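Keep the sequence and the structure open as you go through the points.

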Amino acid sequence: MDPFYFIVIGVVVLVFLFMAIINRYRRCPSDKILVIYGNRGSNKSAKCVHGGGAFVWPIVEDYAYLSLTPLGIDANLTNALSRQNIRVDVPCRFTVGISTEPESMLAAAERLLGLTPAQIQELARDILFGQLRLVIATMSIEELNSDRDKFLEAITANVEVELKKIGLRLINVNVTDIKDESGYIEALGQEAAAKAINEAKVRVAEQEKVGEIGKAEAVRETRIRTAEANAQAVQGENEAKIAIANSDADRREREAEAQRKAVAAEKVASAQALEEAYAAEQKAEIARADRDRASQQANVIVAQEIEKRRLVIAAEATAEQKRVNAKGEADAIYAKMEAEANGLFQILTKQADGYDKMIKAAGGDATKAYTLLLLEKLPELVKTQVDAIKGINIDKVTVWDNGGGGDAKTSTANFLSGLMKSIPPLGELFDQAGLSLPEYLAKKKEEDETPEPSTPEKE
């Protein structure tokens with residue numbers, strides 16, 4: 001066969017064994033005891049585990065659980081003999097359970113494993129009945145009836161020792177009413193009741209005696225105290241009358257003093273009231289004056305102040321506007337003058353260049369250059385002379401001329417000649433300009449200025 005199959009089979013067997021081993025681990029709940037029994041290598045017949053877990057070997061070991069739930073057992077014991085040979089009935093209820101002590105758990109595993117709760121209750125009841133009879137036999141009826149703590153302690157001491165042998169422990173004991181067939185306990189109860197009643201009656205009588213004595217003493221004390229009180233009352237009345245008289249006198253005196261003080265106080269208060277009224281009126285008048293003054297100030301001064309501020313603001317605005325306008329005009333004038341200056345500078349520069357070229361053209365003679373310049377301006381000068389008399393309006397000209405060759409000065413021609421001579425000659429214009437006429441014009445002038453030979457006047 002293929003070795004692979006052997007390997008698979010081995011793995012399967014190992015897994016199966018591992019799962020079997022895991023399934024044999026048992027955990028113990030807290031309300032139970034795990035009992036493992038079987039092939040134990042020690043002297044113990046079983047292993048008990050509480051609150052843990054253990055591994056249970058297969059085949060050679062097995063396990064079981066013991067419940068720790070308490071069991072209630074009714075042990076109604078009847079006809080039990082007491083130490084006084086009186087038969088009593090003692091109804092009791094016990095609460096027992098399996099102990100978790102190692103020795104008790106082992107004893108429970110040995111004696112209670114496999115029993116049902118009812119069987120465990122029956123086994124425990126037998127033990128409880130036997131031990132309860134032993135305890136009652138050692139105690140008297142009085143101890144059973146009156147000293148219940150001692151009875152319960154005796155039951156616990158005897159019962160726990162026997163229950164521990166089978167792995168149980170006593171949790172609680174509850175003893176109800178104890179009865180006996182002879183009525184001894186009932187007689188003891190009646191005796192105790194009668195004794196209690198008699199003692200109560202004695203105490204009642206004692207209290208009644210004390211009450212009567214106290215009542216008599218109270219009456220005597222009342223009469224004494226009443227007499228003393230009456231005497232003291234009379235004395236008190238007399239003293240009260242004296243005190244009343246003194247009080248009345250003091251009252252009248254105090255009333256008079258109070259009346260005097262009241263009248264004085266009223267007058268003082270009236271005067272103070274008047275003073276305060278006058279002061280209040282004065283304050284009111286001052287306040288009214290202040291109010292009127294404030295009203296006038298608000299109506300006049302404030303309005304004038306507002307008007308003043310308005311005028312100041314308007315003046316400042318006007319001044320600011322003027323400053324802005326002046327600045328603008330100044331800037332405009334400055335720009336205009338600067339432009340004119342630049343233009344004049346350009347004109348003069350060009351004129352200077354022209355004069356320079358004119359002088360160079362005249363061969364460097366400035367006089368000739370000026371003459372040429374003057375000749376250019378001569379038409380304008382003549383035009384200016386003509387314009388001087390151009391605007392003269394002559395409404396009417398009367399001529400007294402005989403048409404002959406008389407005195408030339410009286411002729412019309414001479415009048416016009418004189419009028420033309422009133423115009424500044426060219427020579428004077430040249431002289432005013434700091435120039436001189438050309439030579440040929442100057443000779444002509446001299447010829448014109450030479451006086452004509454005088455002719456004898458005709459008679």
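This is a predicted model: local features need pLDDT of at least 70, side-chain atom pairs count only at pLDDT 80 or more; totals for chains, interfaces and linings use all residues.

1. The expected span of a helix is 1.5 Å times one less than its number of residues. Helix 3 covers residues 117-137, which is 21 residues, so its span should be 30 Å.

2. The buried ones are Ile120, Ala124, Arg125, Ile127, Leu128, Gln131, Leu132, Val135 and Ile136. An α-helix has 3.6 residues a turn, so residues three or four places apart point the same way. Keep that spacing in mind when you read the list. Note that Arg125 and Gln131 are among the buried residues.

3. Glu122 also belongs to helix 3. Is Glu122 buried, exposed or partly exposed? Its relative accessibility is 41%, so Glu122 counts as partly exposed. Now find Ile73. Glu122 and Ile73 are 49 residues apart in sequence, yet their C-alpha atoms are 8.4 Å apart in space.

4. Strand 2 (residues 32-38) meets strand 5 in the antiparallel sense, over 7 bridges. For Val35, the bridge partner in strand 5 is Ala64. In a regular strand the side chains alternate between the two faces of the sheet.

5. Ile33 lies in strand 2. Its relative accessibility is 0%, so Ile33 counts as buried. Ile33 and Ala108 are 75 residues apart in sequence. In space, their C-alpha atoms are 9.8 Å apart.

6. Ile59 sits in the loop between strand 4 (53-55) and strand 5. With a relative accessible area of 87%, Ile59 is exposed, because the cut-off for exposed is over 50%. Ile59 and Gly38 are 21 residues apart in sequence and 9.0 Å apart in space, C-alpha to C-alpha.

7. Now move to strand 6 (residues 71-81) and strand 7 (residues 87-98). They run antiparallel and are joined by 9 bridges. Ile73 stands opposite Phe94 in strand 7. Ala75 has Cys92 as its bridge partner in strand 7. The hairpin of strand 6 and strand 7 has 5 residues between the strands, and Asn85 takes a positive phi near 60° there.

8. Strand 7 has a further partner. Strand 8 (residues 168-175) runs antiparallel to strand 7, with 7 bridges between them. Which residue of strand 8 stands opposite Cys92? The answer is Val175.

9. Turn to the aromatic rings. How many aromatic pairs does the structure hold? The count is 1. Tyr63 and Tyr65 form this pair, and the geometry is edge-to-face. The ring centres are 5.9 Å apart, and the planes make an angle of 80°. Tyr63 has 25% relative accessibility, so Tyr63 counts as partly exposed. Tyr65 is also partly exposed, with a relative accessible area of 32%.

10. Tyr65 has another contact to check. The charged end of Lys32 sits over the ring of Tyr65, 5.6 Å from the ring centre.

11. Finish with the cysteines. A disulfide is a covalent bond between the sulfur atoms of two cysteines. How many disulfides are there? The count comes to 0. For Cys28, the nearest cysteine sulfur is that of Cys48, 9.6 Å away. The cut-off for a disulfide is within 2.5 Å, so Cys28 is in no disulfide. Cys48 is in no disulfide either, and the nearest cysteine sulfur to it is that of Cys28. At 8% relative accessibility, Cys28 counts as buried.

Definitions and conventions
Residues are numbered from 1 along each chain as its sequence is written. Side-chain values use heavy atoms; hydrogens and water are left out. Helices (H or I, at least four residues) and strands (E, at least two) are DSSP runs, numbered from the N terminus. Buried means under 20% relative accessible area, exposed over 50%, partly exposed in between (1.4 Å probe, protein chains only). Rings of Phe, Tyr and Trp (its six-membered ring) pair if their centres lie within 6.5 Å; planes under 30 degrees apart count as stacked, over 60 as edge-to-face and the rest as tilted. A charge sits over a ring if NZ of Lys or CZ of Arg is within 6 Å of the ring centre and within 35 degrees of the ring normal. Two strands pair if DSSP finds at least two bridges between them.
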